[in-house]
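Please read the following briefing alongside the sequence and the coordinates.

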Amino acid sequence: MAFKVDLNCDMGESFGAYRMGNDAEILEFVSSANIACGFHAGDPSTMRKTVRMALEKGVGIGAHPGTPDLVGFGRRAMALSADEAYDLVVYQIGALDAFVRAEGGEMQHVKPHGALYNMAAKDAALSEAIAEAVYKVNPELVLFGLSGSELVRAGEKTGLRTASEVFSDRTYQPDGSLTDRRQSNALITDPGEAIAQVIRMVKEGKVRAADSTDVDLRADTICIHGDGVTALDFARRISEELPAEGIEVEAIGAFR
């Protein structure tokens, strides 16, 4: 196959008695899992169970650190200093890494969640703090960041291997940023449209922005979401259609 891409999904976001997502089923179709570390979602038992399931399926495991905002699911912007960002990322990576090691595995990557991810996409100082945190914990970890973002640049500058991430079900702005979730056109709900967007991003390195202009980007890893009503069907469909288009799906840690 001429093209290769990682397919990732956010997981382990249940908390206590509250259940979210279709983790066990989605793991059949993705190559990497971003596991919540207890700040925006998740709890110790959920972390352990999700890690174990991912290892059983041979799926690459990543920490998904977020802001300390359970009520807002980590999607509300917070005024974080660089030191605060560094500390919360180190803390959360360490927590998940302990579960991964206890189950006999190795962590593959780190992908910030929600508001932390979006703020880091544009804030160089915040991105550098996150990249330093990842590097100090384990310089072999891959840092996921929005394609073309400050986070990807900070990771490269720090000496980390990075993965430029694109989104199957989100629309883009002309500057390459994701459309704010509060906007009515933020999400792509048609599976065919979402898959067509992914194929173009991988093969052509372009995405059609909300104003109908083309934006250049790099697609190393594709994010799909596992908590929607049709999430499982979409995961199955995209895992079948990408190989049919000559695009191999493989965990980012196996890329050469």
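The notes below begin with the basis of the model and then go topic by topic.

This is a predicted model, in which local features need pLDDT of at least 70 and side-chain atom pairs count only at pLDDT 80 or more, while totals for chains, interfaces and linings use all residues. Residues are numbered from 1 along each chain as its sequence is written, and side-chain values use heavy atoms, with hydrogens and water left out.

**Helix packing**

- Helix α3 (residues 82-102) and helix α5 (residues 124-137) pack at an angle of about 35° with their axes 8 Å apart, where axes are lines fitted to C-alpha atoms, for helices over the stretch in contact, and angles run from 0 to 180 degrees between N-to-C directions.
- Helices (H or I, at least four residues) and strands (E, at least two) are DSSP runs, numbered from the N terminus.
- Residues of α3 including Y86, V89 and I93 meet residues of α5 including L126, I130 and V134, contact meaning heavy atoms within 4.5 Å.
- By class, this contact of α3 with α5 has 13 nonpolar, no polar and two charged residues, with Ala, Val, Leu, Ile, Met, Phe, Trp, Tyr, Cys and Pro counted as nonpolar, Asp, Glu, Lys and Arg as charged, and the others, Gly among them, as polar.

**Cysteines**

- The count of disulfides, meaning pairs of cysteine sulfur atoms within 2.5 Å, comes to zero.
- C9 is in no disulfide, and the nearest cysteine sulfur, that of C223, is 6.6 Å away.
- C9 is buried at a relative accessible area of 1%, and C223 counts as buried at 0% (buried means under 20% relative accessible area, exposed over 50%, partly exposed in between, with a 1.4 Å probe and protein chains only).

**Aromatic pairs**

- There are two aromatic pairs, where rings of Phe, Tyr and Trp (its six-membered ring) pair if their centres lie within 6.5 Å, and planes under 30 degrees apart count as stacked, over 60 as edge-to-face and the rest as tilted.
- The rings of F39 and Y91 have their centres 5.5 Å apart and their planes at 50°, so the pair is tilted.
- F39 lies in the loop between β2 (32-36) and α2 (44-57) and Y91 in helix α3, so this pair ties together parts that are 52 residues apart in sequence.
- Y91 is exposed, with a relative accessible area of 56%.
- The rings of Y117 and F167 have their centres 5.9 Å apart and their planes at 80°, so the pair is edge-to-face.
- Both Y117 and F167 are buried.

**A loop residue**

- E140, found in the loop between α5 and β5 (142-146), is exposed, with a relative accessible area of 65%.
- The C-alpha atoms of E140 and Q108 are separated by 8.0 Å, although these residues are 32 residues apart along the chain.
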